[in-house]
Amino acid sequence: TQSIQEQILTARKEIEEYEEKRIELQAKLNPLEMILLPAIKVRIGTSDPTHEDENPEHQVDISAFYMDKTEVTNLQYKEFVAVTGHRSPSHWRFNTFPDARKADHPIVNVSWEDAKAYVDWVGKRLPTEAEWERGALGDGRNEYPWGASCHEDWANFNNADGGTTPVEQYVRGVSPVGIWDMVGNVSEWVNDWYDSKYYRDSPDADPKGPEGGHQKV
């Protein structure tokens with residue numbers, strides 16, 4: 001018979017083996033959930049003086065990177081909470097989202113730290129602000145992913161649906177590079193610290209935001 005110490009060591013070894021297998025499977029799954037965006041020069045910001053923290057409009061080179069096709073869903077986040085024991089969002093009950101019909105809706109009420117913990121667990125990362133704009137606007141020439149004006153049939157905004165909607169509901173709102181809900185539904189966290197004057201002297205290639213700050217974008 002194994003001693004208690006031996007049983008503990010055996011259990012820990014099995015956990016490590018399961019975790020290695022999970023990481024291996026996740027690495028195979030990730031490319032299927034993501035889109036590779038080729039390197040490109042894009043327009044960032046605006047010259048509109050009423051949007052001071054987006055001044056000035058400028059061009060930046062962005063290297064190739066992968067980005068999720070959709071926002072993270074309740075079901076995906078539930079798996080993360082169940083396996084890791086990470087805190088669940090404040091509106092959840094018993095570590096699950098309260099409405100079972102919303103498995104394919106985006107996760108809400110997560111802090112930047114929660115989002116960072118999730119992407120680390122799945123072997124991904126948060127995009128930079130510039131990468132987010134690349135995913136939303138393609139080359140940055142348009143105001144919206146689909147063009148110059150907004151329409152309620154293309155995105156969930158102004159709470160017209162009374163809450164969130166499935167992450168693949170608005171087909172006409174898909175961005176030029178194939179990313180869903182870059183306008184509407186919920187907001188997304190990016191990796192950058194916020195600085196209202198950052199665009200004035202940010203680098204011309206792969207800007208990553210200020211080195212520090214008080215809040216994230």
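Reader: Leaving aside its neighbours within four places in sequence, which residues is His 91 in contact with?

Author: In this predicted model, His 91 is in contact with Pro 98, Val 108 and Asn 109, once neighbours within four places in sequence are left aside.

Reader: Where is His 91 found?

Author: His 91 is in the loop between helix H2, residues 74-84, and helix H3, residues 112-121.

Reader: How many Å apart are His 91 and Leu 137 in space?

Author: From C-alpha to C-alpha the two are 32 Å apart, and in sequence they are 46 residues apart.

Reader: Let's step back. How many helices and strands are in the chain?

Author: The chain has four helices and four strands. Read along the sequence, the pattern is α-β-β-β-β-α-α-α.

Reader: What box do the C-alpha atoms fill?

Author: Roughly 75 × 40 × 30 Å, taken along the principal axes.

Reader: And what share of the residues is buried?

Author: Buried residues are 36% of the 217 in the chain. The accessible surface of the chain comes to about 13,200 Å², and carbon and sulfur atoms hold 52% of that surface.

Reader: What about contacts, how many link residues 24 or more positions apart?

Author: Such pairs account for 64% of the contacts in the chain with a separation of 6 or more.

Reader: On to charge. How many positive and negative side chains are there?

Author: There are 23 positive and 39 negative side chains, with the centres of the two sets 3 Å apart.

Reader: How many salt bridges does the count come to?

Author: The count comes to 14 salt bridges. Side chains of opposite charge can pair when their charged atoms come close.

Reader: Start with Glu 17. Which residue does it form a salt bridge with?

Author: Glu 17 pairs with Lys 13, and their closest N and O atoms are 3.0 Å apart.

Reader: Where do those two sit in helix H1?

Author: Glu 17 and Lys 13 are four residues apart in helix H1, residues 4-33, so about one helical turn separates them. Glu 17 counts as partly exposed because its relative accessibility is 43%.

Reader: Which residue does Arg 200 form a salt bridge with?

Author: Arg 200 forms one with Glu 52, where the closest N and O atoms are 3.3 Å apart. This pair links distant parts of the chain, 148 residues apart: Arg 200 is in the segment after helix H4, residues 129-137, and Glu 52 is in the loop between E2 and E3.

Reader: How exposed is Arg 200?

Author: Arg 200 has 48% relative accessibility, so it counts as partly exposed.

Reader: And Arg 141, which side chain does it meet in a salt bridge?

Author: That of Asp 139, at 2.9 Å from N to O. Arg 141 is exposed, with a relative accessible area of 68%, whereas Asp 139 is partly exposed at 29%.

Reader: Which residues are linked in a network of salt bridges?

Author: Lys 21, Glu 24 and Lys 28 are linked in such a network.

Reader: Last topic. Which residues gather in a patch of negative charge on the surface?

Author: Asp 48, Asp 53, Glu 54 and Glu 143 make up that patch.

Reader: Where is Asp 48 found?

Author: Asp 48 lies in the loop between strand E2, residues 40-44, and strand E3, residues 58-62. With a relative accessible area of 30%, Asp 48 is partly exposed.

Notes
Residues are numbered from 1 along each chain as its sequence is written. This is a predicted model: local features need pLDDT of at least 70, side-chain atom pairs count only at pLDDT 80 or more; totals for chains, interfaces and linings use all residues. Side-chain values use heavy atoms; hydrogens and water are left out. Patches are made of residues with over 30% relative accessible area and no salt bridge: like charges are joined within 9 Å, nonpolar side chains (Val, Leu, Ile, Met, Phe, Trp, Tyr) within 5 Å. Accessible areas come from the Shrake-Rupley method with a 1.4 Å probe; for residues, only the protein chains shown count as cover. A salt bridge is a side-chain nitrogen of Lys or Arg within 4 Å of a carboxyl oxygen of Asp or Glu. Lys and Arg count as positive and Asp and Glu as negative; His and the chain ends are not counted. The place of a charge is taken as NZ of Lys, CZ of Arg, CG of Asp or CD of Glu. Buried means under 20% relative accessible area, exposed over 50%, partly exposed in between (1.4 Å probe, protein chains only). Contact means heavy atoms within 4.5 Å.
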